[in-house]
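Here is a short tour of one protein model, written for someone who likes to see the cut-offs. Have the viewer ready and follow along.

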Amino acid sequence: NAPRHQSACFDMEKRAVRPAVFRCKGPAPSCRQCRCMSGGRPAAVYDARARRFVVEPWDFELGARTLRYFAEVLQLSDEEMVMNTSTSPLVEGPGFAGEMRECIGMMLARPNGEAMFPGGQPRAFEWV
């Protein structure tokens, strides 16, 4: 059973949830996905008043076992990647394996909070 919709938006004026399709996932999607992959808690990333998108640092440290596992996962075919990393592999979109490879690659290159956010600085983006 595939979900009817994979994304939704909230219409604040009508106070209604509607199906949505997001062609752009916003700034730093791999970094934001790393938060989930490293056990970080979900976090608000957009400040509408300031028109800023901020990915705040979080504290994490990947152990040797996790690093070995991630290195092995990167060797899988796209189909195997989806089957081994998705919670719903039968309904993932065509970009899932590539997005997962990008996230895992980022975590292998930056396996702790300090490496991901040098000096503890957030990643901030502003609309101008």
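## Cysteines, a helix and a pocket

A search of the whole structure finds 0 disulfides, a disulfide being a pair of cysteine sulfur atoms within 2.5 Å. This is a predicted model, where local features need pLDDT of at least 70 and side-chain atom pairs count only at pLDDT 80 or more, while totals for chains, interfaces and linings use all residues. Residues are numbered from 1 along each chain as its sequence is written, and side-chain values use heavy atoms, leaving out hydrogens and water.

The sulfur of C34 has its closest cysteine sulfur in C103, 3.5 Å away, which is too far for a bond.

| Cysteine | Relative accessibility | Class |
|---|---|---|
| C9 | 34% | partly exposed |
| C34 | 0% | buried |

C103 brings us to helix α4, where it is buried along with F96, A97, M100, I104, M106 and M107. Helices here are DSSP runs of H or I with at least four residues, and strands are runs of E with at least two, numbered from the N terminus. The buried residues of α4 pack against α1 (29–37), α2 (64–73), α3 (78–85), α5 (113–116) and β5 (123–126), contact meaning heavy atoms within 4.5 Å.

Now for the open space. The lining of the largest pocket takes at least two residues from each of α1 and α4, and α1 gives the most, with 4 residues.

Note on methods:
Buried < 20%, exposed > 50% of the residue type's maximum accessible area, 1.4 Å probe, protein only.
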